[in-house]
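I set out to record what I looked up in this structure, entry by entry.

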Amino acid sequence: MKKYLFLGLIISSSIILSSCVTVPPKPAVYPPREISPKLPQHILRQDVVHLVAPGETIWRISKMYDVPMQDIMRANNLGKEEVLKKGENLLIPRAAPVVPVIPIYPSKKWKYIIIHHSATDEGSSLYFDKYHQGKGWEGIGYHFVINNGTGGKQDGQIEVSPRWIKQEDGSHCRANNMNERAIGICLVGNFNREYVSSKQLDALVYLVNILRRYYKIPLKRIMGHNQVLGARTECPGKNFSWTKFKNRL
Ligand SMILES: [Zn+2]
């Protein structure tokens, strides 16, 4: 009898857990291989408020802040059948400094990496998701966003968009059919007026190195939106330094 009760407890707790973490979008491969930098030995942990981005799950957020999922669920009274809503605030107890969690999926689809700027002073994946939906697209058109310290995100933070998690075509560069074969990365900022921050550049180098090595993308296929054949745009802005960026790849 006791044995069955115990089994029942395991089953019901796993149902509670899975109902909380299984939020659309469904990843293209589950579980994906994920790449994150190692945390230094001595870190300052503190309670932080996290603004939920499109497609984020408790599982992903727990890895970003190195906090067990159960602790996040308890701190926010998240119960059975509860799913995260984009734009809601979550308390993350005893959070480590946020780190990028980059999921990698086996694919032959990705042949190029295209760099964009948002041409706005502020933004985040949540902001672009709303904006792109307003254009009639299926949510945010980029695969990754690199923040500039606005929109409730930190300078140099890397956000992973649902399009990447689902391994879908982008909606960021129609010219030369790039939406179907290029990974789209957007840096928040207007680099016709401003400059890429050093933390954004570090994050871009980190992300592009992971992607180009895994998908075997040669350096000449890592380009700005304005370098794509047929694209008539200034994106990613005249202040974006290709020498500074490519020297670090
Ligand atoms: Zn662009």
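Entry 1. I looked up the pairing of β5 (112-117) with β8 (182-187): the two strands run parallel and are joined by 6 bridges. Strands and helices here are DSSP runs numbered from the N terminus, strands being E runs of at least two residues and helices H or I runs of at least four. Two strands count as paired if DSSP finds at least two bridges between them. Tyr 112 has Ala 182 of β8 as its bridge partner, and His 117 stands opposite Leu 187 in β8. I then turned to β6 (144-148), which is joined to β8 by 3 bridges, again in parallel. Ile 146 stands opposite Leu 187 in β8.

I noted the strand order as β7-β6-β8-β5-β9, an open sheet of 5 strands with mixed pairing. Because β7 and β9 stand at the edges with a single partner strand each, one side of each lacks a neighbour in the sheet. Neighbouring strands are turned by 20° against each other on average, direction ignored. I also recorded that α7 packs on this sheet, touching β5, β6, β7, β8 and β9, and that its direction makes about 35° with that of β7. Such angles run from 0 to 180 degrees between N-to-C directions, with axes fitted to C-alpha atoms, for helices over the stretch in contact.

**Entry 2. Standing of the model.** I am working from a predicted model, in which local features need pLDDT of at least 70 and side-chain atom pairs count only at pLDDT 80 or more, while totals for chains, interfaces and linings use all residues. Residues are numbered from 1 along each chain as its sequence is written. The mean pLDDT (the predictor's confidence in each residue, from 0 to 100) is 89 for the chain, and 87% of the residues reach 70 or more. Over residues 1-23 pLDDT stays under 50. I counted 8 helices and 9 strands in the chain.

**Entry 3. Burial.** Which residues of β8 are buried on each side? I found Ala 182, Gly 184 and Cys 186 on one side, and Ile 183, Ile 185 and Leu 187 on the other. A residue is buried if 20 or more other C-beta atoms lie within 10 Å of its own, exposed if 12 or fewer, and partly exposed in between, with C-beta atoms placed from the backbone. Since 6 of the 6 residues of β8 are buried, this strand is largely enclosed by the rest of the structure. In the chain of 249 residues, buried ones make up 35%.

In α4 (residues 125-134) the buried residues are Ser 125, Leu 126, Tyr 127, Phe 128 and Asp 129. Their cover includes β2 (46-51), β6 and β7 (155-160).

**Entry 4. Nonpolar cores.** A nonpolar core is a set of buried Ala, Val, Leu, Ile, Met, Phe, Trp, Tyr and Cys residues joined through C-beta atoms within 7 Å. The largest has 37 residues, of which Ile 113, Ile 114, Phe 144, Ile 146, Ile 185 and Leu 207 touch the most other members. At least two residues each come from β5, α4, β6, β7, α5 (162-165), β8, α7 and β9 (222-224). Apart from it lies another core, of 9 residues, among them Ile 61, Met 64, Val 67 and Ala 95.

**Entry 5. Ser 197.** This residue lies in the loop between β8 and α7 (198-215). Ser 197 counts as partly exposed because 18 C-beta neighbours lie inside 10 Å. Beyond four places in sequence, Ser 197 is in contact (C-beta atoms within 7 Å) with Asn 148, Asp 155 and Gly 156. The C-alpha atoms of Ser 197 and Gly 156 are 7.8 Å apart, across 41 residues of chain.

**Entry 6. Backbone angles.** Most residues other than glycine have a negative phi, and most peptide bonds are trans. I therefore listed Asn 77, a non-glycine whose phi is positive at about 50°, and which is exposed because it has 8 other C-beta atoms within 10 Å. Lys 216 has a positive phi near 55° and lies in the loop between α7 and β9. A cis peptide bond, with omega of about 10°, joins Cys 235 and Pro 236.

Note on methods: Two residues are in contact if their C-beta atoms, placed from the backbone, lie within 7 Å.
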